[in-house]
Every structure is written in C-alpha cells, then in structure tokens.
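Have your viewer open as you read.

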Amino acid sequence: MQLSRVKALINKSELTAKKKINSVELIAVSKTQPDEKIEVVLKEGHRCFGENRVQEAYGKWPRFKKHYSDIELHLIGPLQTNKTRQAFDLFDVIQTLDRLKLAKSFANLVQEKGVCPSLFIQVNTGEEPQKAGVLPKELDAFVKECEAMDLPIEGLMCIPPIDDEPSLHFALLKKMKDRNNIKSLSMGMSADFETAIMFGATHVRVGSAIFGER
Ligand SMILES: *Cc1c(COP(=O)(O)O)cnc(C)c1O
C-alpha cells in the first residue's frame, strides 16, 4: 500500500461509518523510516506525522519543519519525564500522557511557556504490565486531576494487545471518551484502522501500510 491507497480506504470507512469525508486525521507513522521515504510523502502533500522517540524525531524533523511550515508532529511513544521540555518544543501533539508525574511536569512547562501541545491520555486498555498507559479504572480520576491542573486534554489513545480482538479495545476507549466528554480518539494502526474508524476513531496512526515494513 501507500499513502493514496490508505487515504482511499479511510474515505471508504468514513462513508460506511457515516462520518464526514476527510474528518479522520491520518497520522503517518514515520519512526525508523529513512528521510527519503518521508520526503516522498511530504511531496505528496501530507503533513501529519507520528514519531515514537523524542531523540529520533530531533534527528529528522527540525530540518523538515524548516522546509515545510505546516507540519503537525505527534509523539506516540513513551515520554521520560526528563525529556518533557524537548518534547514540548518539537511536538504539536503528545499522545502519551500516562502518569501523574508527567502531567505535573507538563503543568509546570505550561506555566513557564504559556502554551501547550494538544494532549492525549494513553490508556492501557488491555491492562498489560509491560505497556504504558493509565489503567481503565483509574482513567476518570486521572482526567479530573489533569483538568484541575488546567491541562487541555484533547483525546484518548490506546494500543490494543497484539493477540486480542482490537474492536473490544476500541469500543472500551470510545466509552471512556464519551463519559469524560473528551473530543478525540486515537486508535487503529496499519492492520486495523478501518475497524477503528467504525468504532469512532478521529485519529488513526498508520506506519507500515504507508512506508512499507520497518
Ligand atoms: C509504530 C506505531 C504505529 C504504527 O504501526 P503500523 O502497524 O506500522 O501501522 C502506531 N502506533 C504506535 C503507538 C506505534 O508505535
């Protein structure tokens, strides 16, 4: 597949799900991909990208951002507390807010800078011990704590367990979004973005289907 094919499939799912055409945001996940491949997608006019490591993103995106002014960069991987300042400076959206310590660090930076990237809370819907994310039963309280710190929570994000039926997790995340009055849902990757759109995804994160295998 590549960009145009993925976009066509997204449009088809939008139709089936009775959503507006082009209302779902496609995040092209460019982690570990060579600059040449990213450049191709940029030249095709795409501007929204996802990276999972702060360090790696600094290696490629400051230069691309100079050439293309309207890039929107999403952090979709775990963030260490000592890298929040760097993440704030480079990313437009941080999808992996997953603990109170990180929220506090964000709140301090907002005080200092007066601006904040859009924030998504990562939810560990499969309650996997090795995976980051707030546990489902702790989410509502965590949202309230973030709001009390004036952090603007735009969305929820999840990465379903590899061996599970993803739709169960998509449905669970949608429920948590609705009851917390949150706007956006980041779910669905190369293998299941069409399903995710059926379950209400507003953002899909697609890597290998656009760029090829990593
Ligand atoms: C790598 C990654 C993706 C993209 O995965 P593909 O299967 O290549 O589409 C999406 N979300 C997260 C959090 C990732 O780390």
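Predicted model: local features only at pLDDT ≥ 70, side-chain atom pairs only at ≥ 80, totals over all residues.

Residues are numbered from 1 along each chain as its sequence is written, and side-chain values use heavy atoms, with hydrogens and water left out.

**The ligand site**

Around the ligand (a heavy atom within 4 Å) are V29, K31, I76, I159, M189, S190, R205, V206, G207, S208 and R214. By class, this shell has five nonpolar, three polar and three charged residues, with Gly counted as polar. Three side chains make polar contacts with the ligand, as pairs of N or O atoms within 3.5 Å:

| Side chain | Ligand atom | Distance |
|---|---|---|
| S190 | oxygen | 2.5 Å |
| R205 | nitrogen | 2.9 Å |
| R214 | oxygen | 2.8 Å |

On its own the ligand has 390 Å² of accessible area, of which the protein covers 89% (Shrake-Rupley method, 1.4 Å probe).

**Two positive phi values**

Most residues other than glycine have a negative phi. K18, however, has a positive phi near 55°. K18 lies in the loop between helix 1 (3-16) and strand 1 (25-29), and is exposed, at 76% relative accessible area (exposed is over 50%, buried under 20%, partly exposed in between; 1.4 Å probe, protein chains only). E127 also has a positive phi, near 50°. The loop that holds E127 runs between strand 5 (118-122) and helix 6 (136-148), and E127 is partly exposed, with a relative accessible area of 47%.

Conventions
Polar contact = N/O pair within 3.5 Å; in protein donor to acceptor, adjacent residues only side chain to side chain. Helix = DSSP H or I, 4+ residues; strand = E, 2+ residues; numbered from the N terminus.
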